Each structure stands twice: as structure tokens, then as C-alpha cells.
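Welcome! Please take a look at the model below, and then we can walk through it together.

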Amino acid sequence: MRHFVSAACGLLLAAVQVQAEPVVVVELYTSQGCSSCPPADEFLSMLASDPRILPLALHVDYWDYIGWADKFALAQFTDRQRAYAKAVGSRTIYTPQLIIGGADRIEGYAPEETAERLRDHLGAGTPVRLTVTRKGDKLVIRAEADPPLTEPVRVQLVRYKPEETVTIERGENAGKTITYRNIVTSWERLEDWGGQAPLEVSAPYAGDEPGAVIVQSAGPAAILAAARVD
């Protein structure tokens, strides 16, 4: 299985290393209590090696009842996954689930399909130019849209823990030791931007934990731009 995953990732990386494209956000909805999730968690870790991809692990809490409470899970992330489902008229949520660029949804573990969708996103353009500058404990966020946007978008700040290893003692993954990558610890709305005039906004940013600024259409829907904060 590891060889197959590596081959799929290698195909993706070979295709995009020469491109200077914006960062593509990949959200993985996962849980330490889900027996189907470890392969997807490993795949997300492999994606983290590509600087043009920002994989983010959002741990949900709806599997905690079966014997193991996920230490990274937040109800906020369950709500975000439900909002994605509602936006497309679905009543069902899954783990693992990947959402690529806020638009493409992949249920289960599907590395070849994921690589194909990522290539599409990496080759696509965006009307939004986003820059983020850190000045001490503050971020300065600037964005312009050309052509101007026709609907407001949401400017969001994400913080995440780069890596942590967990030994799972109970539940469906009992006895497994798993290293998780890019574990989201907060997802905060900064403000809505109309996309007509240029945007400049400041936000507090204390500590060493990395993060990202994400500009996303309402829904939640397509992510128009993203920039890392290291």
C-alpha cells in the first residue's frame, strides 16, 4: 500500500514542480477513532512535502463515542464539514473525506483521484492576488481581484501544529501509533471582503505555530487564494 501511495504522490509532484501556481488547500476530515482514516492520514503527510499544496487535517468529534476521544477533535470542524455537505445538498458526512480547493469532494481513500484533482487545481488560475506579511505579532494581509469579484468572500486565518505522534489505546485503531501532520488547531474568520476595492487588513499572530490565510467563497465553496504563514 505504501508503494502505491508513494507512486501516486510521485506522479503528482513530477507534474507540478516546474509550475509556479498558487497554494492549493487540501482539507482532510479525519478522526483517530476511524479505522478507515490512517491511510488518508499518511497520504496527507506525503502531500505536505510539496510547497504548492497546503494539506490541513481537521479532526472531527463524531467518532469519539466509540471508545477513543480524538485529542485534536473540535466540534467546529464537524460543523465545517457539515456546512460543506449542506452546500451541495447532502445530509451525509464521512471520514476520511478530502475537500480540495473548497470545491472537489473525495470520500474515502482515493490517491489516484486525489492526484488528478490536484493537478487540475494547480493548473487553474485565480482572479485574487493575496500577499501576507508578518511583522512581529501581527499579520498584514493584502488582496486584489482582477477582474473584481461579483460576490463577497471570506478572509480566514488558520493555525496548525506541524506534527504530533499519538498512540491510540482504545477504539477501532487501538494499538496503533500514528504521526499526524498539519493538525489544525483553529480556523478563524477575519472579515468578509467585497472583492471590488483592494483589501488591507491586520490580524494578531502570536506564537510560533504556523498558519495560513485563506480567501474563500461563501458556502463554504471555492477557495480563491491561500498563503502560508511560517
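In which strand is Arg129 found? Arg129 sits in strand β5, which runs over residues 128-135. Keep in mind that this is a predicted model.

**One residue up close**

Is Arg129 buried or exposed? Its relative accessibility is 56%, so Arg129 counts as exposed, the cut-off for that class being over 50%. Leaving aside residues up to four places away in sequence, Arg129 touches Arg142, Ala143 and Glu144.

**The chain as a whole**

Stepping back, the protein chain has 4 helices and 11 strands. Its C-alpha trace spans about 55 × 40 × 35 Å along the principal axes. A compact globule with 230 residues would have a radius of gyration near 17 Å, and the 17 Å of the protein chain agrees with that. Of the 230 residues, 46% count as buried. Among contacts with a separation of 6 or more, 69% come from residues 24 or more positions apart. The accessible surface amounts to about 10,800 Å², and carbon and sulfur atoms hold 50% of that surface.

Helix α2 covers residues 38-47 and is mostly covered, with 8 of its 10 residues buried. Those buried residues are Pro38, Ala40, Asp41, Phe43, Leu44, Ser45, Met46 and Leu47.

Helix α3, residues 75-87, has 13 residues. From its first C-alpha to its last it reaches 18 Å, close to the 18 Å expected at 1.5 Å a residue. Which residues of α3 are buried? They are Phe77, Thr78, Arg80, Gln81, Tyr84 and Ala85. Because these residues cover an arc of only 160° around the axis, they lie on the same side of α3. After α3 comes Gly89, whose phi is positive, near 80°.

**Cysteines**

A disulfide is a covalent bond between the sulfur atoms of two cysteines. How many disulfides does the structure hold? The count is 0.

| Residue | Relative accessibility | Class |
|---|---|---|
| Cys34 | 5% | buried |
| Cys37 | 0% | buried |
| Arg129 | 56% | exposed |

Cys34 and Cys37 both count as buried, whereas Arg129, where this tour began, is exposed.

Note on methods
Residues numbered from 1 in each chain as written. Predicted model: local features only at pLDDT ≥ 70, side-chain atom pairs only at ≥ 80, totals over all residues. Heavy atoms only, no water. Helix = DSSP H or I, 4+ residues; strand = E, 2+ residues; numbered from the N terminus. Expected span 1.5 Å × (residues − 1). Buried < 20%, exposed > 50% of the residue type's maximum accessible area, 1.4 Å probe, protein only. Arc of directions from axis to C-beta. Disulfide = S-S within 2.5 Å. Rg over C-alpha atoms; globule rule 2.2 N^0.38 Å. Contact = heavy atoms within 4.5 Å. Areas by Shrake-Rupley, 256 points an atom, 1.4 Å probe, with all protein chains shown as cover.
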